[in-house]
Amino acid sequence: MNLPLSAEALRRRCDPAQFDFATTAELADLEAALGQQRALGAIEFGVGMRREGYNLFAMGPEGIGRRTVVRRHLEAQAKTLPAPSDWCYVFNFRTPHKPRALQLPSGKAPAFRASMERLVEDLRAAVPAAFETDEYRNRRQQIEAEFGERQERVLQDFGERARAQRIALIRTPTGFGFGPMSGDEVMEPEVFRKLPAAERERLEALVAALQKELEGVLHDLPKWRRESMQKLRELNREVTRAAVNSTLEEVRAEYRTLPQVQDYLAEVQEDMLENAEAFRQAKEGEPATLFGIPLAHGDASEATLRRYAVNVLIEHAGAAGAPIVFEDNPGHDALLGRIEHLSQMGALVTDFTLIKAGALHRANGGYLVLDAVKLLGQPFAWDALKRALRSREIRTQSLGQALSLISTVSLEPEPIPLEVKVVLVGQRLLYYLLHAYDPEFAALFKVAVDFEEDMPRGRENDLLYARVIGAFARKESLRPLERAAVARVIEQGARDAGDAGKLSVSMQALADLLREADYWAAKAGRAVIAAHDVQRATDAQVERLDRIRQRLLENVLRGSHLIDTAGRRSGQVNGLAMAQLGGFAFGMPQRITARVRLGSGGVVDIERESELGGPIHSKGVLILSGYLSGRYAPARPLSLSASLVFEQNYGGVEGDSASSAELYALLSSLAEAPVRQSLAVTGSVNQHGDVQAIGGVNEKIEGFFDLCKARGLAGGQGVLIPRANVQHLMLRDDVVAAVAQGKFAIHAVSTVDEGIELLTGVPAEEIHARVEARLSEFAERARAYATGVGGKPWQKAKKK
Amino acid sequence: MAEGEEEVRIARIIACFAPGSAGAPEAVARLAEEMQAELLGLFIEDVELLRFAALPFAAEVGFPSAVRRSVDLAGLERQMRTQAAGLRQALAVALDPTAVSWSFRVARASPENAVEAALAEGYAPALIIPPRGDPRAERRVLRRPELSEEALRALLRAVQPVLILPE
C-alpha cells in the first residue's frame with residue numbers, strides 16, 4: 001500500500017542551530033563565486049592563455065553573477081599586466097586621407113599633443129618675427145627690385161632702340177604698342193595718312209617687326225618672374241627653416257627614443273617649411289563656432305596648422321595595469337571607433353582630428369567584456385568584432401564604408417594593432433547556437449566558461465552561503481541577518497533551485513531577497529533582519545505577481561472553470577499545469593477527461609487536433625498509446641478509439657508532465673473505475689508504465705493545495721507525484737503544516753499501477769483485467785464487424 | 001611718415017588714375033578723410049595713347065601675355081569712359097557721406113601736363129598719388145621749383161606718392 005509522504009520529506013529545513021553565529025555581522029566576508037569551480041577554472045585558463053583565439057564565452061542564465069565573477073578575475077589579472085601604449089592619430093603628409101597612427105609609451109600621448117600645440121604656438125610668433133627682421137625685408141626688396149629693374153631695363157632699352165628708328169613705345173591699358181614719331185610725339189593719324197604710300201608701308205613694316213621682337217622679349221618675362229619667385233621662396237624657406245629648426249629641436253630631443261615620432265617630426269619639419277605662410281597670418285580671435293562646435297577649416301591658415309595637431313585616440317596616463325572595458329552598447333561604431341563630421345556650408349567635412357576611439361581601442365592591451373545578445377542585436381557589430389579579432393587590428397571605418405554603401409572621399413585611418421582578450425557574456429543557448437551556425441565562433445572563442453545555476457546543499461556550503469549573505473549585506477549597507485533568517489534564505493535558495501538538495505546561486509535573486517527583507521525589517525523597526533522579514537519578503541514578492549493566479553483560482557471557485565476536489569468520476573482526472581509569467585511560476589489544476597469507444601483510431605489527442613498541443617505533449621500521448629498497445633494488445637490490433645482533452649483549456653498545452661494523468665483517465669474510462677477527484681496527478685509516463693520526474697513539482701502541488709484550501713481541506717485531498725521528484729520538494733510551510741495535520745497528502749508513485757490504485761481504490765490487477773476485458777470485447781466486436789457476423793446488425797434485424 | 005610732414009597740413013590730394021590701371025579709389029578716399037584734405041581724382045586720358053590708337057595699323061602686344069592684337073580708338077575711348085565713371089562712383093560712395101570736399105576730373109593731355117595744371121590751381125601743399133601708386137607707401141617730398149617736367153614724368157611712373165611743398 002502506498003503511504004503518503006511525511007511532512008518532513010516535503011521541505012528540507014535548514015537548521016539555524018548548525019550555525020555558531022548570532023548574526024551575519026560576525027561572519028568574515030566571502031567574495032568567492034559559490035559553486036562555480038568549473039567556471040573559475042575556465043576563466044583562469046582563458047585569461048592566462050595568451051594565444052590567438054582564446055577568447056572567453058561566459059554562459060549561464062541571467063542573475064548568477066557572471067559579470068561580477070569575470071570582473072573580479074580580470075581585475076586581479078589586469079593588475080599584474082603593464083598599462084598598454086597610448087595611441088594617437090596624426091596627419092599623413094604623404095597620403096592625407098590615410099591618417100597615421102602613432103604609438104607612444106603609456107601616458108605619453110597627452111604630453112606629445114601639448115608639445116605639438118606649443119610648437120605651433122611658438123612658431124606663430126617665431127616665424128612672423130623672423131620675417132619682420134630688417135635682414136629679411138632688405139633681401140626680399142632686393143629680389144623684388146631686381147625683377148622690376150630687369151623688366152624696366154629691358155622695356156626701356158627696347159623703347160630706346162625703337163625711338164632710334166623714330167618709333168615710340170606706347171604703354172596701353174593692357175600692353176605695349178608702337179607708333180611712328182613726329183618730333184618727340186606720336187605722329188598724328190592725319191599726318192601719317194598724308195605720307196607717301198612707300199613711307200607708310202615702311203613704317204608699318206618697321207612697327208610689325210618691333211612688335212614681333214617685343215613678343216619675344218615679353219615671352220621671357222614670366223620666366224624671370226618665376227626665377228624671382230623661386231628666389232623669394234628660397235629666402236622664405238631659409239628664414240622659416242631657422243625658426244622651425246630651433247623650435248622643433250626641443251620636441252625632437254624630448255622624443256629621441258621613439259623612432260616613429262622622429263620620422264613624423266621630420267615630415268612635420270618639411271611640411272612647415274612648405275607652408276610657412278600659414279604661420280605668418282595673424283590669429284584673429286577665437287575660431288568660428290556653430291552651437292559651440294568649432295567650424296573646422298574656417299580659415300586657410302588655421303586649416304593648415306590643424307595638420308600639426310595630435311588626436312590622442314587613447315591614453316593611459318595614471319593607469320595601473322591593463323584596461324578592462326565593459327561596453328554596454330556594443331554597436332559597430334562603439335566597438336571600432338568612428339569618424340565624425342562637421343557640417344560646413346552644407347557639406348560634411350572631416351579630418352584626422354575627428355577620429356574617435358571605440359571600445360576595442362580602449363580595451364587594447366587588456367580585456368573587453370561584452371553582452372552577447374546586445375552585440376548580436378547590433379547591425380554588423382558581430383562581424384566587425386570577428387574581423388578585428390581575426391586580423392588582430394582595429395580598422396576604423398564607418399558602416400557605410402565597410403559595406404561600400406557610400407563612395408564619397410573619406411578617411412582611411414591606419415589600422416592599429418590589436419591585442420585584446422574578449423569576454424562575451426550570454427545565455428547557454430546562444431553559445432550553442434553560435435557554435436553550431438557560425439564557423440568562426442569556435443576558432444575565436446575557444447574558452448567556454450559555463451556557470452552553474454546551483455550548488456549542492458550541505459553543512460559546509462550552507463555556511464559559505466551564510467558568509468556570502470553577510471558580505472552582501474555589509475557591502476549594500478543592509479542590516480545583518482539573524483541566523484534563523486539566514487536559514488530561511490537558504491531554504492528559499494533551495495526552493496529557487498527547485499531542488500531540496502541544492503542551492504540556487506542566482507546572485508540577483510539573492511540580492512533582491514536580502515534588500516527586500518531589509519526593507520521589511522526597517523519597516524518593522526528591527527535592527528537585524530529576522531526570519532520573519534525574509535518570509536515577508538518572499539510573500540510580498542508573490543503577492544505582487546500573483547494577480548493572474550488569483551483570477552484563475554477565482555474562476556474555479558465560482559464554477560466558471562470546472563475542477564472537482566471531491567467525489568469520484570470515470571474518465572476524469574485532475575492534472576496539474578504550471579505557468580510562468582513575468583518570472584513568477586505557479587501551478588493550477590486542470591481537468592483531463594478521456595472517452596473510449598470501439599474503433600481503430602487509437603488515442604486521439606484533441607489538443608493536438610485543435611493545434612493547441614505542443615510537440616512534447618503529443619509525444620506524451622503517443623507514448624501512452626504505446627503503453628496501452630504493449631500492455632493490453634501485444635498480439636492483436638487495438639480496436640479502440642479514445643479521445644483525450646484538457647477541458648477548458650484555450651491557451652495551448654505543452655510538456656508531457658500530464659501524460660500519467662491522461663493515462664489514468666483512459667484506464668479509468670476503459671475499466672469504468674471512477675477516479676477520486678480529491679486527488680490531482682502530475683508525472684510523465686513511459687511505455688512500460690513507469691512514472692517519470694517532471695519540473696515545477698512544488699508549484700504544481702501548491703496550486704492544487706490552494707484550491708483545496710479555498711474549498712476547505714477535508715483530509716482526503718492530495719497530489720500524486722513521481723517518486724523521482726521527492727528530492728525536489730521544498731513546499732510552502734502551510735502545505736507542510738496541512739500534511740502534518742493530516743489534512744493533505746502527497747503520494748510518491750513509481751508506476752502507473754501504484755497511481756491507478758490510489759486514484760480508483762481498485763487494485764491495479766483488477767483494473768488491468770477490466771481494461772483487457774473491455775479491449776477484448778472491442779476487438780471481438782470489431783472482428784465480427786469485419787467478417788460480417790453481426791457486422792450489419794440492422795440487416796440481420798430486418799431478416800428476422 | 002616723411003620727415004617734416006608733421007609741420008605741414010596737406011591741402012589737396014591729387015589722385016591720378018590712368019587707363020587700364022585699377023587704382024585704389026577707396027584707399028585714396030580713406031587717406032583724404034584721415035588727412036581732412038581736399039581730394040581731386042584726376043583721370044588722365046593720355047593724348048599720346050589716343051593718337052596711337054587712331055593710327056590705322058594700331059596694334060598692341062599684351063603684357064605679360066605677349067599676345068598681339070589690334071587697338072581700336074573707339075573701343076579705347078569707351079573703355080576709358082567706363083573706367084572713369086567707375087572711379088567717380090567709387091569715390092562718391094566713399095566720400096559723399098563724409099565732410100571731405102572732393103572732385104573728379106577727366107583730363108585729355110599728357111600726364112605731366114594734366115598734373116601740372118592741377119598743381120597750378122593752388123591748394124599747396126599737395127600730395128600727388130601716381131596712377132600705379134600706393135597711397136600708403138613712403139612719400140617723397142619735393143619743393144615746387146624742383147619739379148621739372150622730366151622729374152614729374154618720372155614721379156608719375158613710380159609707386160611712391162610725392163608731397164609737393166610750395167616754394
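Of the 184 residues in the largest nonpolar core of this predicted model, A58(A), C88(A), L424(A), I469(A), Y664(A) and L666(A) touch the most other members. Helix α24 (residues 659–671) of chain A contributes the largest share of this core, eight residues. Another core, of 37 residues, lies apart from it and includes F17(B), L91(B), V115(B) and L152(B). Chains A and B also meet: 20 residues of chain B are in contact with 22 residues of chain A.

**Core contacts**

- A58(A), one of the core residues named above, is in contact with R66(A), V70(A), V423(A), L424(A), V425(A), V449(A) and F451(A), leaving aside neighbours within four places in sequence.
- F43(B) is placed in strand β2 of chain B.
- F43(B) counts as buried because 24 C-beta neighbours lie inside 10 Å, and the cut-off for buried is 20 or more.
- With neighbours within four places in sequence left aside, the contacts of F43(B) are F17(B), A84(B), L87(B) and V106(B).
- F43(B) and L87(B) are 44 residues apart along the chain, while their C-alpha atoms are separated by 8.6 Å.

- On the side of chain B that touches chain A, α2 (47–54) and β3 (59–62) of chain B each supply at least two residues.
- The element that gives the most to this side is α2(B), with five residues.
- By class, this side of chain B has 13 nonpolar, three polar and four charged residues.
- Strand pairing also crosses between the chains: strand β5 (residues 175–182) of chain A and β3(B) run antiparallel and are joined by three bridges.
- Within β3(B), G62(B) is the bridge partner of G175(A).

**Domains of chain A**

- The domain assignment of chain A gives domain 1 (13–31 + 453–545), domain 2 (36–82 + 321–451), domain 3 (131–266) and domain 4 (561–600 + 654–786).
- The centres of domain 3 and domain 4 of chain A, taken over C-alpha atoms, are separated by 114 Å.

**Seven-stranded sheet in chain A**

- Seven strands of chain A form an open sheet with mixed pairing, in the order β25-β26-β24-β23-β28-β31-β32.
- The edges are β25 (602–605) and β32 (745–749) of chain A; each has a single partner strand, so one side of each is left without a neighbour in the sheet.
- Neighbouring strands of this sheet are turned against each other by 30 degrees on average, direction ignored.
- At the β32(A) edge, strand β31 (residues 718–722) of chain A pairs with β32(A) in the parallel sense over five bridges.
- In that pair of strands, G718(A) stands opposite A745(A) of β32(A).
- Helix α25 (residues 697–711) of chain A packs on the sheet and touches β23 (572–581), β24 (584–598), β28 (679–681), β31 and β32 of chain A.
- The direction of helix α25 of chain A makes about 80 degrees with that of β24(A).

**Strand pairing in chain B**

- Strand β8 (residues 162–165) of chain B pairs with strand β6 (residues 126–129) of chain B in the antiparallel sense, over three bridges.
- A126(B) stands opposite I164(B) in β8(B).
- Strand β7 (residues 140–143) of chain B runs parallel to β8(B), and four bridges join them.
- V141(B) stands opposite L163(B) in β8(B).

**Backbone geometry to check**

- The peptide bond from F63(B) to P64(B) is cis, with omega near 10 degrees.
- P64(B) lies in the loop between β3 and β4 (68–70) of chain B.
- S477(A) is not a glycine, yet its phi is positive, about 55 degrees.
- The loop between α17 (459–475) and α18 (483–497) of chain A holds S477(A).
- S477(A) counts as exposed because it has 7 C-beta neighbours inside 10 Å, where the cut-off for exposed is 12 or fewer.
- Q36(B), which is not a glycine, has a positive phi of about 55 degrees.
- Q36(B) is placed in the loop between α1 (25–35) and β2 (38–46) of chain B.
- With 13 other C-beta atoms within 10 Å, Q36(B) is partly exposed.

Methods:
Residues numbered from 1 in each chain as written. Chains lettered and ligands numbered in written order. Predicted model: local features only at pLDDT ≥ 70, side-chain atom pairs only at ≥ 80, totals over all residues. Contact = placed C-beta atoms within 7 Å. Nonpolar A, V, L, I, M, F, W, Y, C, P; charged D, E, K, R; others polar. Pairing = 2+ DSSP bridges. Core = buried A, V, L, I, M, F, W, Y, C linked by C-beta atoms within 7 Å. Domains from an automatic or database assignment. Axes fitted to C-alpha atoms, helices over the stretch in contact; angles between N-to-C directions.
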